[in-house]
Amino acid sequence: VTVPGSVHDLINATSLALMKDNALFIPISAGPVDFPALEATLIQRPSLRAVLDVWPAGCWDDDRATCGPPYGSRDWPARPKLASLPNVVALPGMAMRDVQFWESSAALAASNLEALAAGKPLQHVVRNATNVL
């Protein structure tokens, strides 16, 4: 558990400078990443690589963010120069942002609730495999 804001820009010029040559950087959240420092580092050290699907104006847990239509203006890529670097694979970061995801998730949850009430098997259940040989 982190205190809100406690990891903001944790991945900064100093931590990026400590990365080994040929390292691959894949952030799972935009908050900890200092994007201007990442861009500068990737320009200075082309042996470093990054796969980015989180952006400074990402949608989740950021009141300043926009997700793109129908939620607001398109925000990707937030840093066009960073997204176009040859050592960057830029992805739009669409996880959980589109209507299809939410409709499918709601339908699956409803289906599982109906199955549970009817005593039928549930779909997509993840079981604890601790005791499995």
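This is a friendly dialogue on how to read a predicted protein model.

Biologist: Where do we begin, and how is this model set up?

Modeller: This is a predicted model, in which local features need pLDDT of at least 70, side-chain atom pairs count only at pLDDT 80 or more, and totals for chains, interfaces and linings use all residues. Residues are numbered from 1 along each chain as its sequence is written, and side-chain values use heavy atoms, with hydrogens and water left out.

Biologist: What is the mean pLDDT of the protein chain?

Modeller: pLDDT is the predictor's confidence in each residue, from 0 to 100. Here the mean for the protein chain is 77, with 65% of its residues at 70 or more. Where pLDDT is low, the predicted coordinates should not be read in detail.

Biologist: How many helices and strands does the protein chain have?

Modeller: Helices (H or I, at least four residues) and strands (E, at least two) are DSSP runs, numbered from the N terminus. The protein chain has 4 helices and 3 strands. Along the sequence they follow the pattern α-β-α-β-α-β-α.

Biologist: What is the order of the strands in the sheet?

Modeller: Two strands pair if DSSP finds at least two bridges between them. In this model, the 3 strands make an open sheet in the order β1-β2-β3, with parallel pairing. Strands β1 and β3 stand at the edges with a single partner strand each, so one side of each has no neighbour in the sheet. Between β2 and β3 there are 3 bridges, and Ala 50 has Val 88 in β3 as its bridge partner.

Biologist: Which residues of α2 are buried?

Modeller: Buried means under 20% relative accessible area, exposed over 50%, and partly exposed in between (1.4 Å probe, protein chains only). In α2, the buried residues are Phe 35, Ala 37, Leu 38, Glu 39, Thr 41 and Leu 42. Their cover includes α1, β1, β2, α3 and β3. Across the 133 residues of the protein chain, 26% count as buried. For a contrast in class, look at Ser 15 in helix α1: Ser 15 has a relative accessible area of 24%, which means that Ser 15 is partly exposed. The C-alpha atoms of Ser 15 and Ala 37 are 9.8 Å apart in space, while the two residues are 22 apart in sequence.

Biologist: Which side chains meet in a salt bridge?

Modeller: Side chains of opposite charge can pair when their charged atoms come close. A salt bridge is a side-chain nitrogen of Lys or Arg within 4 Å of a carboxyl oxygen of Asp or Glu. The structure holds 1: Asp 21 meets Arg 45, at 2.9 Å from N to O. Asp 21 is in the loop between α1 and β1 and Arg 45 in the loop between α2 and β2, so the pair ties together parts 24 residues apart in sequence. Asp 21 itself counts as exposed, at 53% relative accessibility.

Biologist: Which residues form the nonpolar patch on the surface?

Modeller: Patches are made of residues with over 30% relative accessible area and no salt bridge, joining like charges within 9 Å and nonpolar side chains (Val, Leu, Ile, Met, Phe, Trp, Tyr) within 5 Å. Accessible areas come from the Shrake-Rupley method with a 1.4 Å probe; for residues, only the protein chains shown count as cover. Here Leu 113, Leu 116, Leu 122 and Val 125 form the patch, with about 380 Å² of accessible area together. Leu 113 lies in helix α4 (residues 99-118) and is exposed at 58%.

How values were computed
Contact = heavy atoms within 4.5 Å.
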